[in-house]
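Subject: Structure handover

Hi,

Here is the structure you asked about. Please open it first, then read my notes below.

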Amino acid sequence: MEDDTQNNRNVPPSLRNLQILEVLAHAARPMTATEINAAGLGLPKPTIHRLVTHLEQEGYLSRQLDGRSYLPGQKLRQMMLGVMHASQFDLPRHDVLVRLFASVRETCSISIPDGDALVYVDRVETHWPLRLVIELGARVPLHATAAGKVCLAHMPAAAAEKYLRNARLHPHTERTFTEAEALLAELPRIREQGHATDEQEFIPGMVGASAPALDPRGRVLALLTFHGPIQRLSMQQVMAHLPALKRAAGEIAALG
């Protein structure tokens with residue numbers, strides 16, 4: 001342990017910054033500078049505080065309301081999204097979508113969490129003339145989409161409750177969840193069953209389903225979704241496609 005600490009003290013400052021971001025990303029929770037340092041960096045106290053403060057000033061970290069702990073900041077999240085957009089050319093992952101599309105025959109997408117929304121990073125579009133298009137890079141709400149509800153269901157319960165009680169749950173349609181209590185009651189069931197559905201909750205006339213690709217610790221890596229117009233896709237058909245959807249989500253998770 002002493003050798004590791006000594007080695008870390010000899011790491012160039014630019015790599016120390018990356019190590020800090022790596023620790024925070026791996027923990028997937030707010031951490032203080034002291035906690036980040038204790039995760040194996042072993043830097044002098046003034047050094048870790050100086051580096052964390054600099055990363056906050058540059059927008060790579062954001063300080064939480066407690067004034068002590070940090071999460072990835074806007075600049076780091078934008079970098080992450082850029083990497084995910086570039087990885088749309090990742091053929092193994094895209095091939096999973098192609099195979100799902102071959103089974104469902106409706107638009108299939110991959111989205112990732114980004115703060116209080118989800119961002120679409122890859123898709124295979126249906127060839128039908130009647131289709132509902134959500135562009136790559138579009139941000140969609142957590143409370144009104146199948147993927148968003150799955151994401152909320154896999155958050156720590158306290159974090160999901162805090163978000164829903166403080167967020168404005170905009171009524172995108174007459175079927176949108178707009179009461180925190182009602183949606184909070186749904187989340188345990190969504191987590192247990194491993195999927196959520198969208199019954200015209202985001203866009204009138206659109207239905208679909210979503211399942212999570214989870215890492216070994218049960219954290220959401222990405223959300224797999226398919227959707228289509230009610231003129232062509234009934235909820236009964238949506239439910240029939242769930243095995244293929246969950247199989248594809250498992251394949252995405254296995255790719256890491």
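A nonpolar core, as used here, is a set of buried Ala, Val, Leu, Ile, Met, Phe, Trp, Tyr and Cys residues joined through side-chain atoms within 4.5 Å. Buried means under 20% relative accessible area. Please keep in mind that this is a predicted model.

Overall picture
The chain has 256 residues, and 45% of them count as buried. Its secondary structure comes to 11 helices and 9 strands. Take the contacts between residues at least 6 apart in sequence: 55% of these join residues at least 24 apart.

The cores
The largest nonpolar core holds 26 residues. Leu100, Cys108, Ile110, Leu224, Phe226 and Leu245 have the most contacts inside it. Which elements give two or more residues to this core? They are helices H6 (91-104) and H11 (242-255), plus strands E4 (107-114), E5 (117-124), E8 (206-214) and E9 (220-229). H11 gives the most, with 6 residues.

Leaving out residues up to four places away in sequence, Leu100 touches Cys108, Leu224, Ala244, Leu245 and Ala248.

There is also a second, separate core, of 23 residues. Cys151, Leu152, Leu169 and Leu187 are among them. As background, nonpolar side chains tend to be buried together in soluble globular proteins.

H7 against H9
Next, a helix pair. Helix H7 covers residues 146-153, and helix H9 covers 180-193. They pack at an angle of about 85°, with their axes 8 Å apart. Angles of 65 to 115 degrees count as roughly perpendicular, so H7 is roughly perpendicular to H9.

Which residues meet? From H7 come Lys149, Val150, Leu152 and Ala153. From H9 come Leu183, Leu187, Ile190 and Arg191. By class, this contact has 6 nonpolar residues, 2 charged and no polar ones.

H3, face by face
Helix H3 spans residues 33-41. Which of its residues are buried? Ala33, Ile36, Asn37 and Leu41 are. Seen down the axis of H3, the buried residues fall within an arc of 95°, so they line one face of the helix. An α-helix has 3.6 residues a turn, so residues three or four places apart point the same way. On the other side of H3, Thr34 and Ala38 are exposed. Just after H3, Gly42 takes a positive phi of about 65°.

Best wishes

Notes. Residues numbered from 1 in each chain as written. Predicted model: local features only at pLDDT ≥ 70, side-chain atom pairs only at ≥ 80, totals over all residues. Heavy atoms only, no water. Axes fitted to C-alpha atoms, helices over the stretch in contact; angles between N-to-C directions. Helix = DSSP H or I, 4+ residues; strand = E, 2+ residues; numbered from the N terminus. Parallel < 35°, antiparallel > 145°, perpendicular 65-115°, else oblique. Contact = heavy atoms within 4.5 Å. Nonpolar A, V, L, I, M, F, W, Y, C, P; charged D, E, K, R; others polar. Buried < 20%, exposed > 50% of the residue type's maximum accessible area, 1.4 Å probe, protein only. Arc of directions from axis to C-beta.
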